[in-house]
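Q: I have a model open and would like to learn how to read its features one at a time. Where do we begin?

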Amino acid sequence: MRFRELITENKKPLHERAEARIQHLEDMVIFGGSKGARKALDTLEQMESNPKSITVKWDGSPAVIFGRDARGEFVLTDKAGFSAKKYDGMTKSAQGLMSMLGNRGDGNPDEGRKAFIQNMGNVFKVFESAVPDNFRGYMWGDLLYYKTPQVDEGDFVFQPQKVMYRVKTESDIGKRIARSTAGVVVHYMLGLDGSREVADAKMLNEGALLVMPPVTAQQPPKIDRSIFTKAESMLQKHGSNIDKILDPNTLTSLKLKDLSDIFYAYINFKTKTRSLDNLAKEFVDWLTGSKVSGVKQERIKQHIGSEAVAFQGMWDIVTSIMQAKNDVIAQLDNQDADVEAYLDGQRGGEGYVIGKGDAKLVNRSGFSAANLNKQK
């Protein structure tokens, strides 16, 4: 695989894109059946004893890709430039980056766009200074700020996208922000051979560019045992039959190999409309109005109808995991922390990541719904 092809995820099946992006805990059920549900519940439970495995999920923008090519020349670009085929988007100077960004659309950017383009040009040298001369490959991340954030009531404040962050100036991260000009959170390292691995920020120089370190939970969350026990009971009762609904061989024979993808599209629709109740009951109504062909719709209805009780159980487990997860998120959002996130003036941001991208804790009715509606 050529390394630029790593960006073209829109051509992949939905479940592959979901896995690449880090899955919601509850999505493990629709993609992994009883084993996925078991993994989601175990992950929830382990957070009580290992809060340091929970890190803030940053809401940065724009996505940036930076590093050095095979000749050691520095490149800073965005996702569109990195995957461009009709022009060279691997820009190697501040002016080249600004020209590429300015030529998009009708080539006549408005004042807001002009400011963005100038800011990108301003940070070119900042990013370049962070990449050692002997580095080869690219870091893929999200920009957090273009210049040292302003201070408000003892906090650094910056808002790269929808979420506003407040960072205590006297905290370790606050002191590092004070020494920086720009900030970025990195997700992956892309090798020149097409490989992708979790980024190691220690490979970069810290100075004018702050590569944001992991920000972990301050205190262990408590799992709501009533919800957790209910989910465990439903899994024990319906697990084997849920696996029948999602059995790959059965789905292949029925020409329904993408059924989990269809379930995933459905739950995203319900997220967007903020109507995540009655998931089992309302699926058929959604399916009838979806782009799934009529013939395929009938096969799906017959298939889930043959395991109607398990189908209800599957979505009940999904709902229970969401409820337990949202309770954990609320606890984490309300902790006194060095980094606090706010969405529309209320505590809470994009959410949290578990482990090294094992899963994510995001309130679908909050950040996810706002983000999906923004993308419309």
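Predicted model: local features only at pLDDT ≥ 70, side-chain atom pairs only at ≥ 80, totals over all residues.

Q: Which residues of helix α11 are buried?

A: In α11 (residues 279–288), the buried residues are Leu-279, Ala-280, Phe-283, Trp-286 and Leu-287. Seen down the axis of α11, they fall within an arc of 100 degrees, so they line one face of the helix. The face turned away from this buried side carries Lys-281 and Asp-285, which are exposed.

Q: What confidence does the chain have on average?

A: The average pLDDT is 90, and 92% of the residues score at least 70. Over residues 1–20, however, the pLDDT is below 50, although this stretch has 42 contacts in the model beyond near neighbours in sequence.

Q: How should I read a nonpolar core, and which residues touch the most other members of the largest one?

A: In soluble globular proteins, nonpolar side chains tend to be buried together. Here the largest nonpolar core has 71 residues, and those touching the most other members are Leu-44, Trp-58, Phe-263, Phe-283, Trp-315 and Leu-361. Helix α13 (residues 308–333) gives the most to this core, with 12 residues. Another core lies apart from it, with 28 residues that include Met-120, Val-131, Met-139 and Met-189.

Q: What is Trp-58 in contact with, leaving aside neighbours within four places in sequence?

A: Trp-58 is in contact with Leu-144, Phe-158, Tyr-165, Val-185, Met-212, Val-215, Val-339 and Glu-350.

Q: How do I read a sheet, and in what order do the five strands of the open sheet come?

A: Strands of a sheet pair through backbone hydrogen bonds, either parallel or antiparallel. The order in this open sheet is β5-β6-β7-β11-β12, and the pairing is antiparallel. β5 (150–152) and β12 (346–347) stand at the edges with a single partner strand each, so one side of each has no neighbour in the sheet. Within the sheet, β6 (residues 155–158) and β7 (residues 163–168) run antiparallel and are joined by four bridges. Val-157 stands opposite Arg-166 in β7.

How values were computed:
Residues numbered from 1 in each chain as written. Heavy atoms only, no water. Core = buried A, V, L, I, M, F, W, Y, C linked by side-chain atoms within 4.5 Å. Buried < 20%, exposed > 50% of the residue type's maximum accessible area, 1.4 Å probe, protein only. Helix = DSSP H or I, 4+ residues; strand = E, 2+ residues; numbered from the N terminus. Contact = heavy atoms within 4.5 Å. Pairing = 2+ DSSP bridges. pLDDT = per-residue confidence, 0-100. Arc of directions from axis to C-beta.
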